[in-house]
Amino acid sequence: MTKLVVTADDFGLSPEVNAAVIAASRGGILTAASLMVGAPAWEEAVALAKAAPGLKVGLHLCLVQSRPVLAPELIPDLVDARGRRREDMAAVGAAIFFLPRVRVQAEAECRAQFQRFAAAGLSFDHVNGHNHFHIHPAVAAIGARLAREFSAPAVRVPAQPWGGLRWSQAATAAVMAPWPALARRRFLAAGLAVNDELHGLFETGGMDEAAWLRVAGRLGEGVAEVYCHPATASAGVLAAEMPGYRHADELAALLSPRVR
């Protein structure tokens with residue numbers, strides 16, 4: 001038997017994302033959304049989520065890109081000169097791994113995000129990470145501890161089955177495979193639930209109806225999660241940070257009778 005979880009990431013990033021999440025939850029197949037508690041429209045997202053009891057909401061943990069929750073002076077190694085989170089993910093990841101002071105800053109920022117989510121009055125459905133940064137070995141350890149502390153029951157593991165992938169995609173998946181495998185073991189050891197497979201990694205920004213129909217034929221046994229990035233329009237921050245994403249097509253797919 002397959003249990004399907006359908007998640008919209010970046011809830012709270014913009015009003016267009018928030019509107020799409022609610023529309024896809026009420027009239028489509030969306031079951032959950034991952035909230036960015038430092039994003040420009042996060043407070044609107046919280047209010048909308050509270051008025052949509054069928055929507056499950058989790059924390060979209062962010063350590064790169066966008067605005068931090070803590071004051072920039074408290075996490076100097078994680079922000080740029082503008083006080084925004086850095087975008088050089090490889091360098092940030094290396095700093096967190098090798099430098100104890102940066103790990104301390106990363107844990108402080110993660111804790112602040114868990115605390116803000118909890119203070120908003122929402123129940124944790126899950127935890128995952130922006131750009132899947134939560135499977136970084138040090139961040140996974142931090143995330144597992146905080147998930148247990150804040151009673152978040154489940155954590156996403158970004159491992160997409162290789163069946164149906166092009167050879168270049170399968171090669172990328174093979175290179176990346178040790179990191180989600182290590183994270184899976186860590187999360188399970190902490191008593192957290194995880195998905196068995198994830199779809200959408202190689203369709204990011206293009207989870208349209210055709211992509212959904214392909215994925216639907218490849219779902220395996222157990223818990224399968226499909227994640228996407230719907231929005232009513234690719235405007236404002238979406239156009240700036242996600243050029244090429246077809247947000248409206250992703251929303252249409254979630255509302256599609258064929259996909260249902």
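D208 sits in the loop that joins β7 (197–199) to α8 (209–216). The model is predicted, and every value below is computed from it. With a relative accessible area of 18%, D208 is under the 20% cut-off and therefore counts as buried. Leaving aside residues up to four places away in sequence, D208 touches R246, D249 and A253.

I29 is placed in the loop between α1 (15–27) and β2 (32–35). The relative accessible area of I29 is 16%, so this residue is buried. Its contacts, again not counting residues up to four places away in sequence, are V6, A24, W212, L254, V259 and R260. One of these partners, W212, falls within the residue range of α8 (209–216). I29 and A41 are 12 residues apart in sequence, and their C-alpha atoms are 23 Å apart in space.

Most residues other than glycine have a negative phi. S66 belongs to the loop between β3 (56–61) and α3 (89–98), while H132 is in the loop between β4 (127–129) and α5. S66 is buried, because its relative accessible area is 5%. H132 also counts as buried, at 16% relative accessibility.

| Residue | Loop between | Relative accessible area |
|---|---|---|
| S66 | β3 (56–61) and α3 (89–98) | 5% |
| H132 | β4 (127–129) and α5 | 16% |
| I29 | α1 (15–27) and β2 (32–35) | 16% |
| D208 | β7 (197–199) and α8 (209–216) | 18% |

Rolling a probe the size of a water molecule over the atoms shows where empty space is left. In this model the count comes to 1 cavity of 30 Å³ or more. The volume of the largest cavity is about 30 Å³. Its lining consists of V127, H134, V139, A140, G143, A147, V155 and F187. Helix α5 (residues 137–149) supplies the largest share of that lining, with 4 residues. Sorted by class, the lining has 6 nonpolar and 2 polar residues, and no charged ones.

Terms used:
Residues numbered from 1 in each chain as written. Predicted model: local features only at pLDDT ≥ 70, side-chain atom pairs only at ≥ 80, totals over all residues. Heavy atoms only, no water. 1 Å grid on protein atoms, 1.4 Å probe; cavity = no way out; pocket = protein on both sides within 12 Å on 5 of 7 lines; lining within 4 Å. Points joined across faces, edges and corners; volume = space filled by probe spheres on them. Helix = DSSP H or I, 4+ residues; strand = E, 2+ residues; numbered from the N terminus. Nonpolar A, V, L, I, M, F, W, Y, C, P; charged D, E, K, R; others polar. Buried < 20%, exposed > 50% of the residue type's maximum accessible area, 1.4 Å probe, protein only. Contact = heavy atoms within 4.5 Å.
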